[in-house]
Amino acid sequence: PGLRTAEFSDPATVPATIPGLDPGRPVAMYVGSTHAYQGLDLLAAAQRRLGHAFSFVLVLSRDAGEPEDAIARFGFDPECTVVLHPDDPGRLPSLLAAASVLVHARPDCPDNRNVQSKLGLYLASGRPIAATDVGDYGPLLAPSRGCRLSRPDPVRLAAAIAAAGTDPGVADAARRENPAIARSHFESSENAARLLRIYD
C-alpha cells in the first residue's frame with residue numbers, strides 16, 4: 001500500500017538518543033521482526049566478522065509475540081548490541097536518523113521474492129543502506145550510490161556494512177538519492193495512481 005515518505009525524509013528530524021551506545025562507534029541498525037526470513041542470524045554472523053567496529057541496534061516489532069532475548073537467540077554480541085521495542089511508531093524517523101547504516105540481511109529463500117516495506121522506510125530516511133541482493137533488491141537499489149549490496153553471505157555482508165557505514169561519500173549519496181527512490185516506489189499516492197493506471 002505504500003507510505004508517506006515525507007514523514008521519514010524531513011531534514012529537521014533530530015536523531016534519537018539511544019542509551020548504551022559507545023559514542024565512538026558507527027551504528028548499524030535493523031528495523032523489523034525476528035521472523036526467520038528477515039535474516040537476523042545472518043546479520044549476527046556478519047557482526048562477528050566486524051568485531052566491535054560497529055554498535056548494532058535492533059529495533060524490533062512485537063508482531064512475533066512477547067519480546068524475547070534476540071541477542072541470545074541469534075548470537076549477537078551483547079557488548080555492542082542494543083535491542084529496542086518502541087511502543088510509539090512516531091519515534092521511528094528519529095531512530096532511523098541515528099543510524100550510520102541501515103541493514104537488511106535477507107537470506108535467499110522463497111519468502112524473500114517480494115520487496116518489503118521496511119526498504120521504503122530505509123530509503124526515505126536518506127541514510128546509507130547495506131542489504132543482500134535477494135529478490136528485487138538488486139535492481140531496485142543498484143541505481144543509488146548510497147546503498148551497498150552483497151550476496152547473503154556473512155563475510156560479504158560485513159564488508160557492505162563497513163563500506164556503507166563509514167564512507168562519507170556513501171552517506172552523501174544516500175542523503176541525495178535514496179529519498180527519491182522511496183518516493184518513486186513506495187509513496188502511497190504514487191502507488192495508488194499506479195494501481196489505477198493498471199486497471200485503466
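## Basis of the description

Two strands are taken to pair if DSSP finds at least two bridges between them. Helices (H or I, at least four residues) and strands (E, at least two) are DSSP runs, numbered from the N terminus. The model is predicted, and local features need pLDDT of at least 70, side-chain atom pairs count only at pLDDT 80 or more, and totals for chains, interfaces and linings use all residues. Residues are numbered from 1 along each chain as its sequence is written, and side-chain values use heavy atoms, with hydrogens and water left out.

## The parallel sheet

β4 and β5 pair in the parallel sense over 3 bridges. In that pairing, alanine 130 of β5 is the bridge partner of valine 103. These strands belong to an open sheet of 6 strands, whose order is β3-β2-β1-β4-β5-β6 and whose pairing is parallel. The edges are held by β3 (81-84) and β6 (147-150); each has a single partner strand, so one side of each is left without a neighbour in the sheet. From one strand to the next, the twist averages 20°; angles run from 0 to 180 degrees between N-to-C directions, and axes are lines fitted to C-alpha atoms, for helices over the stretch in contact.

Within β5 (129-132), Ile129 and Ala131 point one way, Ala130 and Thr132 point the other way, and all are buried. Buried here means under 20% relative accessible area, with exposed over 50% and partly exposed in between (1.4 Å probe, protein chains only).

## Valine 31 in strand β1

Strand β1 (residues 27-32) contains valine 31. β1 is joined to the parallel strand β2 (residues 55-60) by 6 bridges, and valine 31 stands opposite valine 59 of β2. Valine 31 counts as buried because its relative accessibility is 9%.

Not counting residues up to four places away in sequence, valine 31 touches Val59, Leu92, Leu96, Lys118 and Tyr122; contact means heavy atoms within 4.5 Å. Valine 31 and leucine 92 are separated by 61 residues in sequence, while their C-alpha atoms are 9.0 Å apart in space.

## Helix α5 against the sheet

Helix α5 packs on the sheet, where it touches β1, β4 (101-104), β5 and β6, and its direction makes about 140° with that of β1. Of the 9 residues of α5 (residues 117-125), 8 are buried, so the helix is largely enclosed by the rest of the structure. The buried residues are Lys118, Leu119, Gly120, Leu121, Tyr122, Leu123, Ala124 and Ser125. Just after α5, glycine 126 takes a positive phi of about 75°.

Lysine 118, a residue of α5, counts as buried because its relative accessibility is 7%. Leaving aside neighbours within four places in sequence, lysine 118 is in contact with Tyr30, Val31, Gly32, Gln38 and His104.

## The crossing of α2 and α7

The axes of helix α2 (residues 40-50) and helix α7 (residues 154-166) come within 8 Å and cross at roughly 70°. The two helices are therefore roughly perpendicular to each other; angles of 65 to 115 degrees count as roughly perpendicular, under 35 as roughly parallel, over 145 as roughly antiparallel and the rest as oblique.

Leu42, Leu43, Ala45, Ala46, Arg49 and Leu50 in α2 meet Pro154, Val155, Leu157, Ala158, Ile161 and Ala162 in α7. By class, this contact of α2 with α7 has 11 nonpolar, no polar and 1 charged residues. Ala, Val, Leu, Ile, Met, Phe, Trp, Tyr, Cys and Pro count as nonpolar, Asp, Glu, Lys and Arg as charged, and the others, Gly among them, as polar.
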